[in-house]
Amino acid sequence: MAMLLLGLVLLVAQPRLLPSHPVTSRLDPGQQKLLRKAGSFQEDLGAVVTNGSTQRLPQTIIIGVRKGGTRALLEMLSLHPDVAAAENEVHFFDWEEHYRQGLGWYLSQMPVSSPHQLTVEKTPAYFTSPQVPERVYRMNPAVRLLLIVRDPSERVLSDYAQVLHNHVQKRKPFPPIEALLARGGRLNPDYKALNRSLYHAHLRAWLRFFPLRSIHLVDGDRLIRDPFPEMQKVERFLQLAPQINASNFYFNKTKGFYCLRDSGRDRCLHESKGRAHPRLDPELLRRLREYFHEPNKKFFKLVGRTFDWH
């Protein structure tokens, strides 16, 4: 009953998909009653605003990966006028205290969007959380998923740099990366940052519920070097009219990465982006890259394409 009610909410919330004549004319009395309940449910949440603008459950989710460039991807996608993006990571499907509050709470976290806009949220922890794929599928099996990946070795170093920075900000001690990365002369498989870079293992969990055609892979390394071509691919996958163009990006020599230009206004990602990686002993770095050699091959085979990684 709950899933049928949710489906009707989605139907009501996207008027561009409705036929010109009333849909209720084709529904039996029981279905019409459910449709009326769905409309009341959304109104009770305070979701309906004006002129068809409303809060909608996301039709697209950026599911990961952590430190793969998810914030950059969301900011660049937000350049498109037909995209309405949630500002913060919602953590609905991976945090039990949020998930227990139900889809009504999730809907309340979404931005107000007009009927022609696509609602997008990003929570990179979704990709590596085993319970999330089924939960997302139950919400909407037709949802489109964006997964941005980068060189897994570089992702590990970036992951460490972020956690180290967080500890320094709180004046808390944190061990050097060597102490976490290696144990007993070998790489430590229990180090969470290593596990997060085993893309093939986590993607298999998603492919149990979603076909590969529902998941678009964004090359995070290419997005940083030359964002426009990658964003063109994202637009095509999401079936958006081509609105993002090369003039929306300019290279900031001071920061060392691309910034955005939108309607004459320039903006860059937060200063925490592009943080310097820790220096790693060359031999340990070699072993780190070697560690991902076989997992990367499995990932390439799984997705039917290769990436230019070490």
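Two strands pair if DSSP finds at least two bridges between them. Helices (H or I, at least four residues) and strands (E, at least two) are DSSP runs, numbered from the N terminus.

## Model and overall make-up

This is a predicted model: local features need pLDDT of at least 70, side-chain atom pairs count only at pLDDT 80 or more, and totals for chains, interfaces and linings use all residues. Residues are numbered from 1 along each chain as its sequence is written, and side-chain values use heavy atoms, without hydrogens and water.

The protein has 14 helices and twelve strands. Of its 310 residues, 47% count as buried. Buried means under 20% relative accessible area, exposed over 50%, and partly exposed in between (1.4 Å probe, protein chains only). Residues 24 or more positions apart account for 73% of the contacts with a separation of 6 or more; contact means heavy atoms within 4.5 Å.

Strands of a sheet pair through backbone hydrogen bonds, either parallel or antiparallel. Three bridges join strand 11 (residues 257–262) to strand 12 in the antiparallel sense. Asp262 stands opposite Arg265 in strand 12.

The structure holds one disulfide, defined as a pair of cysteine sulfur atoms within 2.5 Å. Cys259 and Cys268 form it, with their sulfur atoms 1.8 Å apart. The link of Cys259 and Cys268 is right-handed, with 100° about the S-S bond. Cys259 is buried, at a relative accessible area of 0%. Cys268 is partly exposed, at 29%.

Five strands form an open sheet in the order 3-5-2-6-9, with parallel pairing. Strand 3 (83–85) and strand 9 (215–219) are the edges; each pairs on one side only. The twist here averages 25° from one strand to the next. Strand 2 (residues 60–64) and strand 5 (residues 118–122) run parallel, joined by three bridges. Ile62 stands opposite Lys122 in strand 5.

Helix 12 (residues 227–237) packs on this sheet, touching strand 6 (144–149) and strand 9. The direction of helix 12 makes about 175° with that of strand 9. Axes are lines fitted to C-alpha atoms, for helices over the stretch in contact, and angles run from 0 to 180 degrees between N-to-C directions.

## Helix pairs

Helix 10 (residues 199–207) and helix 14 (residues 293–303) pack at an angle of about 30°, with their axes 8 Å apart. That makes helix 10 roughly parallel to helix 14. Angles under 35 degrees count as roughly parallel, over 145 as roughly antiparallel, 65 to 115 as roughly perpendicular and the rest as oblique. Helix 10 contributes Tyr199, His200, Leu203, Arg204 and Leu207; helix 14 contributes Pro295, Lys298, Phe299, Leu302 and Val303. By class, this contact of helix 10 with helix 14 has seven nonpolar, one polar and two charged residues. Ala, Val, Leu, Ile, Met, Phe, Trp, Tyr, Cys and Pro count as nonpolar, Asp, Glu, Lys and Arg as charged, and the others, Gly among them, as polar.

The axes of helix 7 (residues 152–169) and helix 13 (residues 282–291) come within 8 Å and cross at roughly 120°. Helix 7 and helix 13 are therefore oblique to each other. Ser153, Glu154 and Leu157 in helix 7 meet Leu285, Leu288 and Arg289 in helix 13. The contact of helix 7 with helix 13 divides into three nonpolar, one polar and two charged residues.
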